[in-house]
Amino acid sequence: MMTKGLALLLAFLHLQTTSITGQLHPELYSNFNGSVDDRGICTCSVVLPDTSFPVQKVESLEITAHDLTQRFEKELTKVKEYTKTMQLFEQKLLNLSIKVQVMEETSISYNKLDFELLKLEVSEMQKLVTALKSNFDGSSVIIDQLELEIRNMTLLVEELESLDKNNILAIRREIVALKNRLKECEESRGQNNTHPFIPPGSCGHGGVENISKPIVVRLNWRGSGYKYGAWGRDYTPQEPAKTLYWEAPLNTDGRYLEYYRLYNTLDDLLLYRLAKENRVRLGDGSGMVVYNNFMYFNYYGTRDMAKLDLNSNTVTLRRALPDAAFNNRFSYAGVNWQDMDFAVDESGLWVVYSTEASTGNIVISKINDTSLEVLNTWHTLQYKPSVSNTFIVCGVLYAIRPMNTRKEEIFYYYDTNTRKEGRISIIIEKMLETIQSVNYHPLDQKLYVYNDAYLLTYDLTYQKESEHP
């Protein structure tokens, strides 16, 4: 089939040949032989330099032009993709610059997770720029500039992280030194000491009298988006010196317990190092607790109590809590999915919950930590959904309620030893608006509080034994 280009060339040749056989054009042909017949018609012959038309050359030219067009369109598509990628990098760099600027200009104590997240983002951008540079054949001035900015960002984040680590360690040492001096001072006061010294694990006091200001330990390892969860220290009566700390932020839905971490020392927890991370995918809500190297929690979507062996990360036992409401029926105020709230005190394992028969009022049960059997049960007159959280000290349940965005109040108690309940008023300062969980540890006599993604601790002080309410 004749191509369009070939047809045009043949038409052109036909016109030129017609011109030669008709009226000659001297400007085109300088040498020719001819004669005039008796009728005055001029006849001449012309010898062309190449009588064959270069069809193959024309077709080759067309194929080359087609290939060039395709290559141009392909390169144009790449340029468009590179443009989009560059715009994405510019936005990411802007976001990172804002984050780093906030870190430099504010006095907030940032932790390792904040820096790790920043370093991860910078590392991802570095990989993308390297890939972009290797695939880009043209001028790479803009890419080189991006690479330089990312490298500078990396150095700045590492410098900030180094400074923050040093500050954290120095401040922690000062806090420990001050606490030791305060303890020595209190012990030297002897009988004049207002708050009696209570041996670890002892119940020789008249109940909780006051609570310290919060100490911010750090942000949970999964980040500020994980506002719900719990944390604490394992209480193993047979090993009082044991310092196993656990941290269990829920997924962002505020319900599903999927991951938790264990740390052998407080320093490891503070610096996010040497953590043992496990996946469980079974927990419901932030009412879990760790006792004697087992984690106890509400099994997902049921009224079952679950017992998880921390050594093997396996559920060794499940047992239904009789008549317990579940699936967010009677949770705490401002905290969903905490129908069961497990607690530990000097005597062992407890669970706080509600039933339909109690019409939402708090029910307290003492649990056998080996078999998960209910040993005893107490019914209170306090409506559970009006309470933000609870904890148990020496068999006395203390209930908390919010006052405003910065304060909570321990306002109610129920003594399972005497079946007496009543009102008290102890103000708790908090860092952020919602307290998601509270866990008491009998040996260090602290509350471990999960407050909108942050890990806090509070020290408790006690009344003299004769002053029990």
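Val208 touches Phe391, Val393, Tyr398, Ile426, Leu460, Thr461, Tyr462 and Gln463, residues up to four places away in sequence not being counted; contact here means heavy atoms within 4.5 Å. The structure is a predicted model, in which local features need pLDDT of at least 70, side-chain atom pairs count only at pLDDT 80 or more, and totals for chains, interfaces and linings use all residues. Residues are numbered from 1 along each chain as its sequence is written, and side-chain values use heavy atoms, with hydrogens and water left out.

Val208 is also among the residues with the most contacts inside the largest nonpolar core, together with Phe391, Val393, Tyr398, Leu447 and Leu460; this core has 22 residues. A nonpolar core is a set of buried Ala, Val, Leu, Ile, Met, Phe, Trp, Tyr and Cys residues joined through side-chain atoms within 4.5 Å. Two or more residues each are given to this core by strands S3 (208-211), S17 (389-393), S18 (396-402), S19 (407-415), S20 (420-429), S21 (435-441), S22 (446-451) and S23 (454-462). S23 provides the largest share, 4 residues. Strands (E, at least two residues) and helices (H or I, at least four) are DSSP runs, numbered from the N terminus.

The count of disulfides (pairs of cysteine sulfur atoms within 2.5 Å) comes to 1. Cys203 and Cys394 form this disulfide, with their sulfur atoms 2.1 Å apart. Cys203 lies in the loop between helix H4 (141-188) and S3, and Cys394 in the loop between S17 and S18, so the pair ties together parts that are 191 residues apart in sequence. The torsion about the S-S bond is about -95°, and the disulfide is therefore left-handed. Cys203 is partly exposed, with a relative accessible area of 37%, whereas Cys394 is buried, at 13%. Buried denotes under 20% relative accessible area, exposed over 50%, and partly exposed in between (1.4 Å probe, protein chains only).
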